[in-house]
Amino acid sequence: RPILIDEGYSIGGSDTAGEAYAEYKLESVDARENIYPPYPAAPEEDWPVLLHTITFRRAWQPYIRGYLLLQVILNLAAMACFWLPP
């Protein structure tokens, strides 16, 4: 039977924590316990479930540097032929 202990989650403090760059940032975690009613086949048993809601935030800086800035530079290079004297 799953049991909700404290908040139901822990963040950080592991051996793999502390990477230099993270594309996603953990914004919030929520855990709650939901007990479903028993099925007709087993009326004495309830069905406890732990539901976790995890919210991530994506880093936008790498996309600006790697995609948008590259597109602007390539378009300027392509249009440079029109700025040359005939």
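The legends below describe close-up views of a predicted model. Residues are numbered from 1 along each chain as its sequence is written, and side-chain values use heavy atoms, with hydrogens and water left out. In this predicted model, local features need pLDDT of at least 70 and side-chain atom pairs count only at pLDDT 80 or more, whereas totals for chains, interfaces and linings use all residues.

**Figure 1. Overall arrangement of the chain.** The chain has one helix and two strands, which follow the order β-β-α from the N terminus on. Helices (H or I, at least four residues) and strands (E, at least two) are DSSP runs, numbered from the N terminus. Of the 86 residues in the chain, 5% are buried. Here, buried means under 20% relative accessible area, exposed over 50%, and partly exposed in between, with a 1.4 Å probe and protein chains only.

**Figure 2. The salt bridge between Arg 57 and Glu 27.** The structure holds one salt bridge, defined as a side-chain nitrogen of Lys or Arg within 4 Å of a carboxyl oxygen of Asp or Glu. Arg 57 pairs with Glu 27, and their closest N and O atoms are 2.8 Å apart. Because Arg 57 belongs to strand 2 (residues 47–58) and Glu 27 to strand 1, the pair ties together parts that are 30 residues apart in sequence. Glu 27 is partly exposed, with a relative accessible area of 44%.

Figure 3. Leu 26 lies in strand 1 (residues 24–36) and is partly exposed at 33% relative accessibility. Its C-alpha atom is separated by 6.4 Å from that of Thr 55, although Leu 26 and Thr 55 are 29 residues apart along the chain. Tyr 24 also lies in strand 1 and is partly exposed, with a relative accessible area of 41%. For Tyr 24 and Thr 55, 31 residues apart along the chain, the C-alpha separation is 9.9 Å.

**Figure 4. The aromatic pair of Tyr 39 and Trp 47.** A search of the whole structure finds one aromatic pair. The ring centres of Tyr 39 and Trp 47 are 5.2 Å apart and the planes stand at 70 degrees, so the pair is edge-to-face. Rings of Phe, Tyr and Trp (its six-membered ring) pair if their centres lie within 6.5 Å; planes under 30 degrees apart count as stacked, over 60 as edge-to-face and the rest as tilted. Tyr 39 is exposed at 52% relative accessibility, while Trp 47 is partly exposed at 37%.

**Figure 5. Helix 1 and its bend.** Helix 1 has 23 residues and reaches 31 Å from its first C-alpha to its last, close to the 33 Å expected at 1.5 Å a residue. The expected span is 1.5 Å times one less than the number of residues. At Leu 69, helix 1 bends by about 30 degrees, the bend being the angle between axes fitted to the seven residues ending there and the seven starting there. Pro 62 lies in helix 1 and is partly exposed at 24% relative accessibility.

**Figure 6. A nonpolar surface patch.** Trp 60, Ile 64, Tyr 67, Leu 68, Val 72, Leu 76, Met 79, Phe 82 and Trp 83 make a nonpolar surface patch of about 1,100 Å². Patches are made of residues with over 30% relative accessible area and no salt bridge; like charges are joined within 9 Å, and nonpolar side chains (Val, Leu, Ile, Met, Phe, Trp, Tyr) within 5 Å. Accessible areas come from the Shrake-Rupley method with a 1.4 Å probe; for residues, only the protein chains shown count as cover. Leu 68 is found in helix 1 (residues 61–83) and is partly exposed at 45% relative accessibility.
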